[in-house]
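Good morning, and thank you for making time for this presentation. Please look at the sequence and the structure as they come up.

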Amino acid sequence: AQAVANADGSVTVSWSAPTEGTVTSYVILATREGQPRRAISIRLPTEPTTHTIASDKLVPGASYTFQVGPLNVHTHGPPSAASAAVVAATPGAAQPDGGAPRSSRGCTGCCECRWECDCVVVGANRGNSDELCDPG
């Protein structure tokens, strides 16, 4: 996966489709420095192979790496290699030079727990491998 930090605090992630297997959707996984990896997107369609993570889902000034996990209906493929680290911009402020995040926030929805997510899973199917909800 490749990630580009945008001036508005969002990050655009792009990836190449796997050359083997059938993919019906993707999910983007984010790892904030010092935090466990978690799903940061809903299930995304197979095209386009790019998605912008809104700034309200990221901590301004925090360093992230991103991976893309392919799904075939309910089966999870191995995540892509991690992107190079990017720092989420603080809109209207100068970029920090590797400083610690100014705040932390948790995920407010539920997400795929098989990818070591730190989000809260809600609903009757808690822990079901095909459960994936919008983490925002």
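Let me begin with a question: is F66 buried or exposed? F66 is buried, with a relative accessible area of 0%. Here, buried means under 20% relative accessible area, exposed means over 50%, and partly exposed lies in between, with a 1.4 Å probe and protein chains only.

Before I continue, please note that this is a predicted model, in which local features need pLDDT of at least 70, side-chain atom pairs count only at pLDDT 80 or more, and totals for chains, interfaces and linings use all residues. Residues are numbered from 1 along each chain as its sequence is written, and side-chain values use heavy atoms, with hydrogens and water left out.

Now to the chain as a whole. It has zero helices and eight strands; helices (H or I, at least four residues) and strands (E, at least two) are DSSP runs, numbered from the N terminus. Of the 136 residues, 38% count as buried. The chain exposes about 7,100 Å², of which carbon and sulfur atoms supply 51%; these areas come from the Shrake-Rupley method with a 1.4 Å probe, and for residues only the protein chains shown count as cover. Among contacts with a separation of 6 or more, 60% come from residues 24 or more positions apart, where contact means heavy atoms within 4.5 Å.

Between β6 and β7 lie two residues, forming a hairpin, and V73 in the turn has a positive phi of about 60 degrees.

The aromatic rings deserve a word. Rings of Phe, Tyr and Trp (its six-membered ring) pair if their centres lie within 6.5 Å; planes under 30 degrees apart count as stacked, over 60 as edge-to-face and the rest as tilted. By this rule there are two aromatic pairs. The rings of Y64 and F66 have centres 5.8 Å apart and planes at 20 degrees, so this pair is stacked. Y64, at 2% relative accessibility, also counts as buried.

There is also an open sheet of three strands, in the order β1-β2-β5, with antiparallel pairing. Its edge strands are β1 (2-5) and β5 (50-53), each pairing on one side only. Strand β2, residues 11-14, pairs with β5 over four bridges, and the bridge partner of V13 in β5 is H51.

Finally, consider L44, located in the loop between β4 (38-39) and β5. L44 is buried, with a relative accessible area of 7%. Which residues does L44 contact, leaving aside its neighbours within four places in sequence? They are W15, S25, Y26, I28 and H51. The C-alpha atoms of L44 and T24, 20 residues apart along the chain, are separated by 8.8 Å.

Note on methods:
Pairing = 2+ DSSP bridges.
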